[in-house]
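Subject: Structure handover

Hi,

Here is the structure for you to look through.

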Amino acid sequence: MNDNRYCVIMCGGVGSRFWPYSRAEKPKQFIDFFGTGRSLLQMTVERVAGIVPERNIVLMTNAAYADIIAEQLPQLQPDQILLEPARRNTAPCIAWAAYHIAARNPQARIMVTPSDHLIVNTDQFRRSITDAFNFIDTNDAILTLGIKPNRPETGYGYIQVDHLLHDNFFAVKTFTEKPNEELARVFLASGEFYWNSGMFFWSADTIVNALAIHAPDVAQTFECEAGTFGNPEAETRFINSRYASSPSISIDFAVMEKAPNVCVQTVDFGWSDLGTWGSLYDHSPKNADRNVTQGSQALLFNCRENIIASPADKIVVASGLNGYIIADTPDALLIVPLSEEQQIRQYVNEVEAKYGSRYL
């Protein structure tokens, strides 16, 4: 196993589009959605096992989730879990991870991945990330994985490929964030666009240099006391005092859309960001009426293409529903058409505005 390979797993998000199951105290990455006994985070760690040494897995998360992570991943050491004192989006998160890892190993090759994706074909995924690590071993590149789209999805970012480098590696022409449906259909028809998976590969030097050039306001937060990295106590004090002052910006806007050495590896391993109830519906077993009953007891009459999630000790009886989300918890019930799933975040904001954080 290559000791220079590292994996950074970002697991600090709230997952509000999965409300009311995903809550501030236990977001979706810590939930076992498929009844396998493993959360999405645990499945993410398992997928990179054997390619990245276990000691080289680094989790980036909010301090509020330290206990959940320790419970779900007891094999990790405390210094493998970096606790963000504030949510500052992905660029500061990735910057901290890069400086932290570079202090441990200047030759590090780093994979960055969200913690809440669904990968259907694990074997193909492992082959793809091995190829990605090999690519950044010999190229000073910022590499992302692109997923071939199968529908005009408006909830994902898109990458337009440029010229072929070799095999399934391309230079990148453009990035487009969450297009409207008309534009998404144009992208799909062109064959030049791929979904942005949010998985990245680079050397420690490459990403640190890219941040310095393209996002100096982010880089200076960490560069000013770079000598503290690698000293756990000093690093923690520094992060707790300075991290919240870093600009809140995504790595896509900070680096990916600006750097000239951005490449994409086109892959096909059955990917979903599992960001919505609709994506969970798409990847769950369905009965003859194409209903999904997620951990629920349900009696459904004249109902088709619904997803129903409720506590196992509660029965749901419904009639005449087509294409709905029914998500029931002890203190909140969501009933929304699947076609409105992109508006759930707005509905959650309305809940907060009227009732405060009690139901978040």
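A word on the angles first: axes are lines fitted to C-alpha atoms, for helices over the stretch in contact, and angles run from 0 to 180 degrees between N-to-C directions. Please also keep in mind that this is a predicted model.

Helix contacts

Start with helix α1 (residues 40-48) and helix α4 (residues 122-138). They pack at an angle of about 60 degrees. Their axes are 9 Å apart. Angles under 35 degrees count as roughly parallel and 65 to 115 as roughly perpendicular, so α1 is oblique to α4. The crossing of α1 and α4 is right-handed. On the α1 side, the contact uses E46, R47 and V48. On the α4 side, it uses T122, F125, R126 and I129. By class, the residues of this contact are 3 nonpolar, 1 polar and 3 charged.

The second pair is α3 (90-104) and helix α6 (residues 204-214). The axes of α3 and α6 come within 9 Å. They cross at roughly 135 degrees, which makes α3 oblique to α6. Here the crossing is left-handed. From α3, the contact takes I94, A95, A98, Y99 and A102. From α6, it takes A204, I207, V208 and L211. What classes do the residues of the contact of α3 with α6 divide into? There are 9 nonpolar, no polar and no charged residues.

The largest pocket holds about 1400 Å³ of space. It is lined by 41 residues. Closest to its centre are G13, N89, T90, D116 and R345. Four elements each supply at least two lining residues: β2 (57-62), α3, β9 (193-203) and α9 (251-256). So α3 is listed both in this lining and in the contact with α6. The largest share of the lining, 4 residues, comes from β9. By class, the lining has 12 nonpolar, 18 polar and 11 charged residues.

The second largest pocket has about 410 Å³ of space. Its lining counts 20 residues. R151, E153, L338, E341 and Q342 lie nearest its centre. Two or more lining residues come from α5 (181-190) and from α10 (277-282). The largest share, 4 residues, belongs to α10. The classes here are 4 nonpolar, 8 polar and 8 charged.

Cavity

How many cavities of 30 Å³ or more does a search of the whole structure find? The search finds 1. About 40 Å³ of space lies in the largest cavity. Its lining is T44, R47, V48, M111, T113, P114, H117, I119, F125 and M199. Two or more of these residues are given by α1 and by β4 (109-114). The lining divides into 6 nonpolar, 3 polar and 1 charged residues.

R47, V48 and F125 line the cavity. R47 and V48 of α1 and F125 of α4 are also in the contact between those helices.

Best wishes

Note on methods
Residues are numbered from 1 along each chain as its sequence is written. This is a predicted model: local features need pLDDT of at least 70, side-chain atom pairs count only at pLDDT 80 or more; totals for chains, interfaces and linings use all residues. Side-chain values use heavy atoms; hydrogens and water are left out. Angles under 35 degrees count as roughly parallel, over 145 as roughly antiparallel, 65 to 115 as roughly perpendicular and the rest as oblique. A crossing is left-handed if the near helix is turned anticlockwise from the far one by less than a right angle, and right-handed if clockwise. Contact means heavy atoms within 4.5 Å. Ala, Val, Leu, Ile, Met, Phe, Trp, Tyr, Cys and Pro count as nonpolar, Asp, Glu, Lys and Arg as charged, and the others, Gly among them, as polar. On a 1 Å grid over the protein atoms alone, a cavity is a set of points where a 1.4 Å probe fits but cannot get out, and a pocket is an open set with protein on both sides within 12 Å along at least five of seven lines; lining residues have an atom within 4 Å of a point. Grid points are joined across faces, edges and corners, and a volume is the space filled by probe spheres set on the points.
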